[in-house]
Amino acid sequence: MRDIGIDVKAPEKECDDPKCPWHGHLKVRGVIIKGKVVSTAMQRTVVVERERLHYVPKYERYEKRTSRYKAHLPPCIEVKKGDEVIIMECRPLSKTKHFVVVSKK
């Protein structure tokens, strides 16, 4: 098992996925995002949603904004809809997939 460079718990299961940051050849870099899994309908892909507050000066209030990210899900990490996960940026894996799940919170 490789050291991916951040302080998260490694998965207990083994896998042979070449796009797994722990057991394959995929290098992770850049942004680390914590979010909630909202869809697991695709094969080896999850949709992760992150909520943040944005300040609107005119009304002196905050509004909720959400961002959705598609992330590769290695077989060694088991998640279901509603789980909190940590995803990390990597090279582009497909047209819209630029993140990989590194751990389940």
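1. Leucine 53 is located in strand E2, strands being DSSP runs of E with at least two residues, numbered from the N terminus. The model is a predicted one, in which local features need pLDDT of at least 70 and side-chain atom pairs count only at pLDDT 80 or more, whereas totals for chains, interfaces and linings use all residues. Residues are numbered from 1 along each chain as its sequence is written, and side-chain values use heavy atoms, with hydrogens and water left out.

2. Leucine 53 counts as exposed because its relative accessibility is 58%, the class requiring over 50%, with buried under 20% and partly exposed in between (1.4 Å probe, protein chains only).

3. Strand E2 covers residues 45-56 and pairs with E1 in the antiparallel sense over three bridges; pairing requires that DSSP find at least two bridges between two strands. E1 and E2 form a hairpin with five residues between them, and arginine 44 in the turn has a positive phi of about 55 degrees.

4. Strand E1 (residues 28-39) also pairs with strand E4 (residues 84-90), in the antiparallel sense and over six bridges. Which residues are the bridge partners of lysine 36? In E4 the partner is glutamate 84, and in E2 the partner is glutamate 49.

5. Serine 103 belongs to strand E5 (residues 97-104). Is serine 103 buried or exposed? Serine 103 is buried, since its relative accessible area is 7%. Leaving aside residues up to four places away in sequence, serine 103 touches Val8, Lys9, Ile77, Val85 and Ile86, where contact means heavy atoms within 4.5 Å.

Definitions and conventions:
Helices (H or I, at least four residues) and strands (E, at least two) are DSSP runs, numbered from the N terminus.
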